[in-house]
Amino acid sequence: MNAIAASIAKLRVLGYQRLVKNWPLSAMVLGYIVFLSAVSLVRHFSFQSSAWDLGIFDQACFSTLSGRLFYYTAELYANPGGSIFGVHFSPILFVVIPFYAILRNPSTLLVIQSVVVGVGAYPVFLISQHVLKNQKLSYYFALLYLVYPHVYGINIFDFHTDAFFVPLALFAAYFFLKGNWKEYFVFMLLGLSTKESMAIVFAAFGVGQLLTARHEVFNVIRSRNYPSKRILVAAMTIIVSVCWFLMARLIIRAFNPNPPQGFAEGSPWSLLGFSPLDPSSWLNAGQGSLLQAVGYDFQSKLFYLVTIFAPLGFLSLFQLTEALPAIVWIALAFLSNYPPYYQIGFQYSALVAPFVIFAAIKGFERVQLLLKADSRRTGKLVRRLFLACVLVSLVLSLQSLPPNLQAIISSHDQKLNALIMQIQTSFPNASILTQYDIFPHVSTSLISFVVPPMFSAFNKSYYAEYVQSLFDSRPDFIILDLNPDIRTHSLRSTHLYSFENLERLSSDYGLYISSDGIFVYRHNFHGELIVYEPFVLTLKYDFHIDANMVLFNGVFPEERTM
């Protein structure tokens with residue numbers, strides 16, 4: 001604890017001095033935080049956020065303040081204990097709780113995430129200053145960090161603890177360069193606490209540092225001399241990371257010892273035949289196909305590779321040992337058949353971004369030495385390089401904008417927000433069951449539940465049983481949104497199974513609100529609709545409906561024409 005306090009005190013002094021001296025950097029960071037907070041909030045209030053994972057983290061933080069440790073209801077089908085630690089070991093959430101307590105709302109998490117990611121520009125600036133000894137170049141690299149598509153992609157997608165890893169890993173790398181070992185281990189441990197998988201890339205970081213100092217390592221082995229602190233710390237990084245990973249796996253197993261058999265978590269490496277991150281599956285190595293795994297969606301994987309290195313001018317490739325942690329994850333992504341692992345716009349970019357940027361700075365140092373003879377030519381080349389990098393980053397980032405974000409918040413979204421607010425205000429202790437895009441708007445409660453999509457890992461009969469159990473719990477309100485828009489296709493199983501259960505429980509539920517395709521059912525309600533607004537529904541479920549099937553019979557009021 002003393003080491004943590006000393007590190008924080010040192011950062012405060014260092015931070016104040018940097019803020020005063022380098023105000024343009026702070027202006028860039030502030031601009032990033034404001035812009036990304038606004039984009040994230042617009043995305044949320046236009047119902048493009050999801051139970052997976054903004055709703056999950058919002059409910060987990062709220063439940064902790066209510067006396068239940070990181071409890072959430074969205075994945076009870078796979079994690080009956082309900083604690084986030086039954087899926088991922090992310091103790092960094094304890095740091096989030098005091099800030100979340102100020103305003104218990106998913107919006108708070110989105111702003112916190114933007115602040116945390118934006119702050120990562122400071123260690124990038126510090127690393128560049130230490131390595132390149134040039135303030136202008138340090139500003140350039142800080143800007144490249146803020147517009148880097150994989151950093152932007154982490155920030156834009158809901159809330160994830162992975163986002164915290166980016167600045168923490170960069171601060172750890174900075175203190176490693178400086179030889180401030182206490183501070184390094186503090187930030188390394190904080191980085192490990194974001195998610196158990198981060199131990200893999202930190203172990204690779206230790207290996208990379210040993211490879212960078214390989215001549216010294218060989219001399220130590222040959223002469224049997226005592227190694228330098230840098231070598232010892234790199235070796236300790238590997239040991240601590242491996243131990244942390246094994247400990248995290250044991251903790252997850254303790255919180256979720258017997259996952260239900262009806263939800264068989266599909267491996268992102270099923271084509272490979274085993275999961276590289278699950279030691280218990282290594283015995284199955286050889287049952288899959290390496291070539292088939294790499295070849296799966298190969299074009300997208302190659303594009304992913306370009307999106308990692310091109311926005312940084314391919315500078316990282318000049319220091320592959322420093323980029324080793326990123327290379328390890330890239331290799332795992334290439335072996336995967338799970339697209340989010342190799343696409344912009346997901347939290348998994350956090351395993352790549354900090355180390356690719358760190359390697360780019362070190363790579364630029366090497367390139368600078370090669371071009372040192374002609375400083376004028378070098379300056380012109382540097383300006384062109386950074387301009388090209390910024391443009392490439394902006395193009396890739398804009399392409400990863402969520403669909404329909406340009407429409408801001410539609411009138412339909414405004415109606416849905418207003419209806420949710422009305423229910424929460426009038427019935428503050430009511431239990432609510434809803435679909436995944438509405439769940440983050442009601443997740444600040446211990447008695448809010450979500451009907452999951454039919455994930456591929458579900459056994460179909462188990463899925464039907466689970467959804468039935470949600471309805472059999474008789475929540476006070478059931479909220480569904482059938483208005484045909486970009487969300488309709490992915491919600492088809494949710495809607496079909498929900499209305500099937502509503503028809504089964506038609507004597508227990510009455511339609512309370514029908515507004516622009518938003519249906520609110522209330523338990524034990526048999527009166528007149530309090531809000532009614534007709535809408536046109538175009539069904540897009542054709543290939544899921546039998547020819548003789550009667551849809552929604554008895555669910556909608558007979559006197560209404562849909």
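Let's begin with Asp53, which sits in helix H3, a run covering residues 51–65. The peptide bond leading from Trp52 into Asp53 is cis, and its omega is near 20°. Keep in mind that this is a predicted model.

Most peptide bonds are trans, and most residues other than glycine have a negative phi. Phe47 isn't a glycine, yet its phi is positive, at about 60°. You'll find Phe47 in the loop that links helix H2 (23–45) to H3. Is this residue, Phe47, buried or exposed? Phe47 is buried: its relative accessible area is 1%.

Asp297 also has a positive phi, near 55°, without being a glycine. Look for Asp297 in the loop between helix H14 (290–295) and helix H15 (298–309). Asp297 is partly exposed, with a relative accessible area of 31%.

## Strands around S5

Now head over to strand S5, residues 518–523, which pairs with strand S3 (residues 477–481) in the antiparallel sense over 5 bridges. Strand S4, residues 509–515, pairs with S5 too, again antiparallel, over 6 bridges.

Tyr521 in S5 is a handy landmark: Tyr521 is the bridge partner of Ile478, and Leu511 stands opposite Tyr521 as well. S4 and S5 form a hairpin with 2 residues between the strands, where Asp516 takes a positive phi near 55°.

The protein chain has a mean pLDDT of 87, and 87% of its residues reach 70 or more. Over residues 541–562, though, the pLDDT is below 50, and this stretch has 27 contacts in the model beyond near neighbours in sequence.

Note on methods:
Residues numbered from 1 in each chain as written. Predicted model: local features only at pLDDT ≥ 70, side-chain atom pairs only at ≥ 80, totals over all residues. Heavy atoms only, no water. pLDDT = per-residue confidence, 0-100. Contact = heavy atoms within 4.5 Å. Pairing = 2+ DSSP bridges. Helix = DSSP H or I, 4+ residues; strand = E, 2+ residues; numbered from the N terminus. Buried < 20%, exposed > 50% of the residue type's maximum accessible area, 1.4 Å probe, protein only.
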